[in-house]
Amino acid sequence: MRHRPLLRTSYAQDLALLDTPAKRWWTGALLALALALPFLLTDDLLQLLAVCCVAAIGAIGLGLVTGYAGQVSLGHAFFLGIGAYTAAAISGDPAGRVIGLGVTDIAVWLPAAGLVAALAGVLVAPLATRLRGLYLAIVTLGLVFIGQHVFNEWSALTGGAGVGRPAATLEFLGQPLAVTDATATRDQKLYWLMLALLVVFAVAARNLARSRIGRAFTAIRDRDIAAGVIGVNLPRYKTLAFAVSSAYAGCAGALLYTVTGFFDPSSFSLLLSVQYIAMVLIGGAGTISGAIAGAFFITLLPRLTRELQAWVPFISTQPNEVPNVFQVETILYGVLIIVFLIFEPRGLFGLWVRARAYWKAWPFSY
Amino acid sequence: MTELTESVLRGLGTGSVYALLALGFVIIYKATRVISFAQPAFMLAGVVAVTYLAPAVGFWAAVPLAAVGTGLLALGVERAAVRPMVGRPAFVVAIITLGVDVAVRVVVNAFIGLDVRHVGDPWGLRTLSLGPVELQQRHLAAVAATGLLVAGLFAFFRFTRTGLAMRAAALDQEAALAHGVSVGAVFAVSWALAGGLAAVAGTFAAAGASVDAALWLIALTALPVIILGGLDSLPGAVVGGLAVGVLQELTATYANDLAWLGGNVSVITPYVLMLVVLLVRPYGLFGTREVERV
């Protein structure tokens, strides 16, 4: 047994999270690198990576409903918004300009944001259980518009369009989590915190995906009628998929703006939904690691285009000149979605699988 | 009463714009079973083309030219990005069109630039008086143009060989193929038609106002319209478009009585209407009920 690591003698081994030694090594190495990054990178990059981690939580959520359960949702921005406002309202200053309950503990507002968003997901789910495919996509798109209207108009909660409100406060048991002190800077702490949360959420999602529930999700995605026939309770699992996905989105929304500290209702537009769709599709639909990779890629894309600007001099950094980096960036979202869907539907994860297969069989990789 | 009549008439004007856009969606859906999220981009491209052409060749020549140009653009997009995906799940293709939309709109927005652009329509905001009722000429023109185009489309589908081929392909692609219909050509024609219709619709949406990047949101309103009318029903698109237009104008007129809903509530009424309709009739008013064979 000891010299045959790939030999399976039980179902538990077959279903294990890290089922091969190579996966164990790679995951360990990646985690070690991720933990060590604050000592290698500058603070502005760490802040960006913290945002990446949060975006990855949101992308995992969308990946569960779209990638695993096959229910196309363009409404992710709506659920992100609900989470962001729930958290901000719970942790906000009671004496402030906008609604605030003054409970600043992350252990309170983070679960609350997830819960409220999950409830919103459950409310939407009756539509999802009646509709399939493109109908669902359009309905969730409508949700974004309705949500944006509500966020814009309910200025007692959101601060109103163009004004905004402060985001939730990062505190745990009375200790502020992200302030610069002798041991570490604010951005280093932010990054470690978000990384830890990402790992927790990712492992939870991975566990969900390999359980009975996850198998029901994939059955619904692959052929919902067949899934119904073999005894998957379609309404129940579709509702569950929406609830879990929205809870992830709610948590991600709650955390997302703690990094910048301020946000306004215009953030939760259709473009945000498209970005999350892009994360899932470019990363690789139906995989957790793909969603994480996609989230990092899409979130780093603005930074990459800015770096690209040094090489392609005709791209301007001024927003009033053409072509500028903002335009290039938006075009890249669109073009990358198209290119990946046509040439590599499995996304970044698919590229990794190809590379792995190549080197596994090397030097006989033809 | 005058107020009511006026807002209904205004609603018919904006509704006919929605109807034209919705026709484009439905034509593409019938041919390819895909909802094209690229329609907003084509609409914007058409309008911007009109604003550039109108000063040079006049409004009446600019609109057909822009429609043809947008049709060709749609044709190119179909060939490059959508045709390779034949046989893939519909939602994948829909997401591709979403990508096309995002990319094309950025390019078109760059052409809008910072200047105020007008389509150069002859109507402006002039009105026509029918007794006590004031009617804006641009709305009348939109209704007339929609009527003409719908009649033209009807004749096209009813009396031409291509139209017959398109109807056959919509009914059953494989049977149509077996009878020698080039389904690829049908795809191409339907995308081109949808592009052209979007350009005309955009022109009327921008008539009497200026063209800006936010105009694309009007095209998205056509999505609730096709849900209301039924995804695969051409009459449904027209009726749904007019109904949504009228409803939207009515809410805009009486928004003061609904102040608790917040300002600009008319923008989201189509989406609310869509949610209600879907809960009651998931296949729309005129759509075919989907029957799944196991």
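**Close-up views of a predicted two-chain model**

View 1. B:Arg33 is partly exposed, at 37% relative accessible area. (Buried means under 20% relative accessible area, exposed means over 50%, and partly exposed lies in between, with a 1.4 Å probe and protein chains only.) This is a predicted model, in which local features need pLDDT of at least 70 and side-chain atom pairs count only at pLDDT 80 or more, while totals for chains, interfaces and linings use all residues. Residues are numbered from 1 along each chain as its sequence is written, chains are lettered from A and ligands numbered from 1 in the order in which they are written, and side-chain values use heavy atoms, with hydrogens and water left out. B:Arg33 sits in the loop between α1 (2-32) and α2 (39-57) of chain B.

**View 2. The interface of chain B and chain A.** How many residues does each chain bring to the contact? Chain B gives 50 and chain A gives 34. (Contact means heavy atoms within 4.5 Å.) Together the two chains bury about 3700 Å². Of that area, 82% is on carbon and sulfur atoms. (Buried area is the accessible area, taken with a 1.4 Å probe, that two parts lose on being put together, summed over both.) Three residues, B:Phe91, B:Ile95 and B:Val106, supply 14% of the area that chain B buries against chain A, more than any other three residues.

**View 3. The side of chain B that touches chain A.** Across the interface the rule finds zero salt bridges. The largest share, 14 residues, comes from α4(B). By type, this side of chain B divides into 41 nonpolar, four polar and five charged residues. (Ala, Val, Leu, Ile, Met, Phe, Trp, Tyr, Cys and Pro count as nonpolar; Asp, Glu, Lys and Arg as charged; the others, Gly among them, as polar.)

**View 4. B:Asp101 and its surroundings.** B:Asp101 is found in helix α4 of chain B. Is B:Asp101 buried or exposed? B:Asp101 is buried, with a relative accessible area of 3%. A polar atom of its side chain lies 3.1 Å from the backbone nitrogen of B:Ala41. Leaving aside neighbours within four places in sequence, B:Asp101 is in contact with B:Phe37, B:Ala38, B:Pro40, B:Ala41 and B:Trp216.

**View 5. B:Thr70 in helix α3 of chain B.** B:Thr70 is buried, at 3% relative accessible area. Beyond neighbours within four places in sequence, B:Thr70 is in contact with B:Phe42, B:Ala45, B:Gly46, B:Gly195 and B:Ala199.

**View 6. Salt bridges within the chains.** Side chains of opposite charge can pair when their charged atoms come close. The structure holds 13 salt bridges over all chains. One of them joins A:Glu344 and A:Arg354, with the closest N and O atoms 2.9 Å apart. A:Glu344 lies in the loop between α14 (325-343) and α15 (347-361) of chain A, and A:Arg354 lies in α15, so the pair ties together parts that are ten residues apart in sequence. A:Glu344 is buried at 7% relative accessibility, while A:Arg354 is partly exposed at 48%. In chain B, B:Glu78 pairs with B:Arg83, again with closest N and O atoms 2.9 Å apart. B:Glu78 is buried, at 1% relative accessibility. A:Asp222 pairs with A:Arg221 at 3.1 Å between the closest N and O atoms. Here A:Asp222 is exposed, at 55%. A:Arg8, A:Asp14, A:Asp19 and A:Lys23 are linked in a network of salt bridges.

**View 7. Cysteines of chain A.** The structure holds zero disulfides over all chains. (A disulfide is a pair of cysteine sulfur atoms within 2.5 Å.) A:Cys53 is in no disulfide, and the nearest cysteine sulfur, that of A:Cys52, is 6.8 Å away. A:Cys53 is buried, at 1% relative accessible area.

**View 8. The cis peptide bond at A:Pro363.** A cis peptide bond joins A:Trp362 and A:Pro363, with omega about 5°. A:Pro363 is in the segment after α15 of chain A.

Notes. A salt bridge is a side-chain nitrogen of Lys or Arg within 4 Å of a carboxyl oxygen of Asp or Glu. Helices (H or I, at least four residues) and strands (E, at least two) are DSSP runs, numbered from the N terminus. A polar contact is a pair of N or O atoms within 3.5 Å; within protein, one must be able to donate a hydrogen and the other to accept it, and residues adjacent in sequence count only if both atoms are side-chain atoms.
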